[in-house]
Amino acid sequence: MSKKDKQKQARIGNKVYEAEMFRLQTELVKLQEWVRASGARVVVIFEGRDAAGKGGTIKRITEYLSPRVARVAALPAPTDRERGQWYYQRYVAHLPAPGEIVLFDRSWYNRAGVEKVMGFCTPEEHSRFLRQTPIFEQMLIDDGILLRKYWFSVSDDEQLKRFRSRMNDPVRQWKLSPMDLESVYRWEDYSRAKDEMMVHTDTALSPWFVVESDVKKHARLNMISHLLSTLDYEEVPRPKVSLPKHPIESGNYHRPPRSLSKYVPDHVATLIRTDH
């Protein structure tokens, strides 16, 4: 699809988007309960350029899930100690136990992208990564881990547009760093690194799935729908819960005076006064 065709692409309406997102989130809850009951281990890798929409998609996936079952692994830059470890070691520590889902917001593929482009690893380390990663992932899959890898693909124009929108947004400025700006100036370098990564790590056993993400809402729905379609989960019967019509009171409990407790100030009351 050409850039002009993408611009003309019909966009989903808000009502349809919200309805479908809620339906998919309902299925994600079913997936969670199946993972918990079956002891499955699920790993989902989110990779792609900065501002490609990974974080927003992860937020929608986890919105209604239990943090005890589904957790996000977003690792900071490695420490000096971690730099001396086996490269995959700090990621292995975040792999799921039985009954858990782990979403990697960037992963061991940092070595194929930012580390390669910015010179944070040596050519030998990069070459070793490309050679060892398919073996490493085969080990995970052979051990029973359900591994899914998604690459969020955003155009250069859309990425720059999103960076500009962050510059003056007080709640999103933290998302814009000097490293992000480097990705604009080194667009072709990142493209070459991504292409090389795909050649070596897009395998039959552990394929990459590309998510076109110039339209964020489309990307979220497409990615979540695809993820659910690749996992052979089923709805787990839940025990029926019955609630009394009213709280059960014995008559022997007397609440302490309010004066003994420290309550937070009623900030909302000040807003209501200024609103009238």
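**Entry 1: the sheet**

I started with strand β4 and its neighbour β5 (residues 208–212): 5 bridges join the two, and they run parallel. S153 has E212 of β5 standing opposite. A reminder to myself before going on: this is a predicted model.

Then I turned to the other side of β4. Strand β1 (residues 41–48) pairs with β4 over 7 bridges, again in the parallel sense. There I picked out V42, which stands opposite L146 in β4.

Who else does β1 pair with? I found strand β3 (residues 100–105), joined to β1 by 6 bridges and running parallel. V43 has V102 in β3 as its bridge partner.

I put the strands in a row and got β2-β3-β1-β4-β5, an open sheet of 5 strands with parallel pairing. Which strands sit at the edges? They are β2 (70–73) and β5, and each of them pairs on one side only.

Is β4 mostly covered or mostly open? Mostly covered: of the 8 residues in β4 (residues 146–153), 6 are buried.

**Entry 2: aromatic rings**

How many aromatic pairs does the whole structure hold? The search finds 18.

I zoomed in on Y87 and F129. Their rings are edge-to-face, 5.8 Å centre to centre with 90° between the planes. Y87 lies in the loop between α4 (80–83) and α5 (89–92), while F129 belongs to helix α7 (residues 123–142), so this pair ties together parts that are 42 residues apart in sequence. I checked burial too, and both Y87 and F129 are buried.

Then came Y91 and W108. Why is this pair edge-to-face? The ring centres of Y91 and W108 are 6.1 Å apart and the planes meet at 80°; over 60 degrees counts as edge-to-face. Y91 sits in helix α5 and W108 in the loop between β3 and α6 (114–118), so I noted another link between distant parts of the chain, 17 residues apart.

Are these two buried or exposed? Y91 has a relative accessible area of 2%, so Y91 is buried. W108 is at 0%, so W108 counts as buried as well.

I then looked at how the rings join up. One aromatic cluster is formed by W86, Y87, Y88, Y91, F104, W108, Y109, F129, F136, W151 and W208.

**Entry 3: charges over rings**

I looked for charged ends above rings and wrote down two. R49 has its charged end over the ring of W187, 3.5 Å from the centre. R258 lies over the face of Y263, 4.3 Å from the ring centre.

**Entry 4: the cores**

The largest nonpolar core has 31 residues. Which of them have the most contacts inside it? My list reads L31, V35, V44, F46, I61, M223 and I224. At least two residues each come from α2, β1, α3 (54–62), β3, β4 and α11 (216–230). Helix α2 gives the most to this core, with 7 residues.

I clicked on V35 to see what it touches. Leaving aside neighbours within four places in sequence, V35 is in contact with A40, V42, V69, G99, E100 and I101. There is also a second, separate core of 24 residues, which includes W108, A112, L130 and F136.

**Entry 5: two single residues**

Is E27 buried or exposed? E27 has a relative accessible area of 18%, so it counts as buried, with the cut-off for buried being under 20%. Not counting residues up to four places away in sequence, E27 touches L228 and Y233.

V199 was my last stop, in helix α10 (residues 187–201). V199 has 66% relative accessibility, so I put V199 down as exposed. I also checked V199 against C121: the two are 78 residues apart in sequence and 19 Å apart in space, C-alpha to C-alpha.

Key
Residues numbered from 1 in each chain as written. Predicted model: local features only at pLDDT ≥ 70, side-chain atom pairs only at ≥ 80, totals over all residues. Heavy atoms only, no water. Buried < 20%, exposed > 50% of the residue type's maximum accessible area, 1.4 Å probe, protein only. Helix = DSSP H or I, 4+ residues; strand = E, 2+ residues; numbered from the N terminus. Pairing = 2+ DSSP bridges. Phe/Tyr/Trp six-rings, centres within 6.5 Å; stacked < 30°, edge-to-face > 60°. Lys NZ or Arg CZ within 6 Å of the ring centre and 35° of its normal. Contact = heavy atoms within 4.5 Å. Core = buried A, V, L, I, M, F, W, Y, C linked by side-chain atoms within 4.5 Å.
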